[in-house]
Amino acid sequence: MPPKQKSKCQYGEATNLYSQAIKALEKNSKRNPEDLAILYSNRAASYLKDGNCGECVKDCNMSLELSQFNVKSLLRRAAAYEALERYRQAYVDYKTALQIDCNIAAAHDGTNRMTKALTETDGPSWREKLPPIPTVPLSVKEKLAQMSAGNATQPSPTPQQNGTTQTKKPAPSDKEIKKAQALKEEGNALVKKGEHKKAIEKYSQSLKHNPTEVTTYTNRALCYLSVKQYRDAIRDCDEALVIDSNNVKALYRRAQAHKELKVRARVFIIALQLLIPTQRNQTLVSKVSAGFQGKRQNKKHFLP
C-alpha cells in the first residue's frame, strides 16, 4: 500500500476509535466534560490530518462548547478554517489563542498569514469585515497559567497543521545541562528504591535547569503514575510529546493515566499504531494491547 494511502487508513482507524470512545463516554452520566472535550479535540486532529476540514471544525466546536478556550481546539479549528479559505474565522481563532498564551508561535504565524491573505482579498479595510473576537476573561488566563506553571515546551514540527502549541525557551547552557543530568540520575536512583515522591522532587529540580530533556518528563510521569497523580502524569507526557511526538514511553504512560481516569485509553495511544514498528517498541505496544484486553501486565519499566 502506498505511504499516503496507508496514512489515510491509519487516520481513519483513529477517527473510528475516537468515535467509539465519544459514544461510550457520552452514555456515562458521571463523565468529566474535560475528558469528552479532549476526545472531540483529538478526533478533530485526526480529521485535520486526513484532510476532512469540515468535520474537524464540527468537532472543535463541540470541544469548545465543553471546554471553552481550549487552545488546541482553537488552533486546530483555525488550521481547518485556513485550509477551507475561511480566513476571517481563522484569524479570529488565532487571535483568541494568543490572548490565552502570547508565546504560541503557531498562532503568531497563522495571524501573519491571515493578515496577508485578508489584505489581498478584502483590501485595507479587511478588519471591518471580521467577526467579533472573543475576550478571554482574566480568570481563564490565570487558571491556564497555573496549569502550565513550571512546564516548558519546545517548538513542534508544522504546528499550523497539527494544531499544537509551542513556547520558545532559551537553550540551556552546558553547565545547566550537566546539573540537570546529575539531578535526573539522582531521581532515577530513588525510583529504583521505590521512593517516587522524592524522585518527583529531583526530576522537578532537573527540569528547572533543563526543560528540554524529554526523558525527565517521561520519568517524572512514571512517578506520578505510581503515586496516582494521573493528571500530572498526563501533563508531563504531553510536554514530552511536544518535544518528541513519537516518544513511545510518553504515549504508553499517558494511556495508562487515561485508563486510570476511566477514559477509553485505547484512543489516546492510537499514535502507537501510527509509528513505524521497531523491535524496541514491540514490548511496549504488546503491553498496551494486553492492558486493553483486560489482561494482567508485567509492570516493568525502564528508565533512560
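At what angle do helix α3 and helix α4 pack, and how far apart are their axes?

## The α3–α4 pair

Helix α3 (residues 53–66) and helix α4 (residues 71–83) pack at about 155°, and their axes are 9 Å apart. Axes here are lines fitted to C-alpha atoms, for helices over the stretch in contact, with angles from 0 to 180 degrees between N-to-C directions. The two helices are therefore roughly antiparallel, a label used for angles over 145 degrees.

On the α3 side, the residues that meet α4 are Cys53, Cys56, Val57, Cys60, Asn61, Ser63 and Leu64. Their partners in α4 are Ser73, Leu74, Arg76, Arg77, Ala80, Tyr81 and Ala83, where contact means heavy atoms within 4.5 Å. By class, the residues of this contact are nine nonpolar, three polar and two charged. Nonpolar covers Ala, Val, Leu, Ile, Met, Phe, Trp, Tyr, Cys and Pro; charged covers Asp, Glu, Lys and Arg; the others, Gly among them, are polar.

## About the model

This is a predicted model, in which local features need pLDDT of at least 70, side-chain atom pairs count only at pLDDT 80 or more, and totals for chains, interfaces and linings use all residues. Residues are numbered from 1 along each chain as its sequence is written, and side-chain values use heavy atoms, with hydrogens and water left out.

The chain has 16 helices and zero strands; these are DSSP runs numbered from the N terminus (helices H or I, at least four residues; strands E, at least two). Of its 304 residues, 45% count as buried, meaning under 20% relative accessible area with a 1.4 Å probe and protein chains only; exposed means over 50%, and partly exposed lies in between.

## Cysteine 60

The count of disulfides is zero, a disulfide being a pair of cysteine sulfur atoms within 2.5 Å. For cysteine 60, the closest cysteine sulfur is in cysteine 56 at 4.1 Å, too far for a bond. Cysteine 60 is buried, at 0% relative accessibility.

## Two positive phi values

Most residues other than glycine have a negative phi. Phenylalanine 69, not a glycine, has a positive phi of about 65°. Phenylalanine 69 sits in the loop between α3 and α4 and is buried at 8% relative accessible area.

Lysine 228, also not a glycine, has a positive phi of about 65°. Lysine 228 is in the loop between α11 (214–226) and α12 (230–243), and counts as exposed at 63% relative accessibility.

Definitions and conventions. Parallel < 35°, antiparallel > 145°, perpendicular 65-115°, else oblique.
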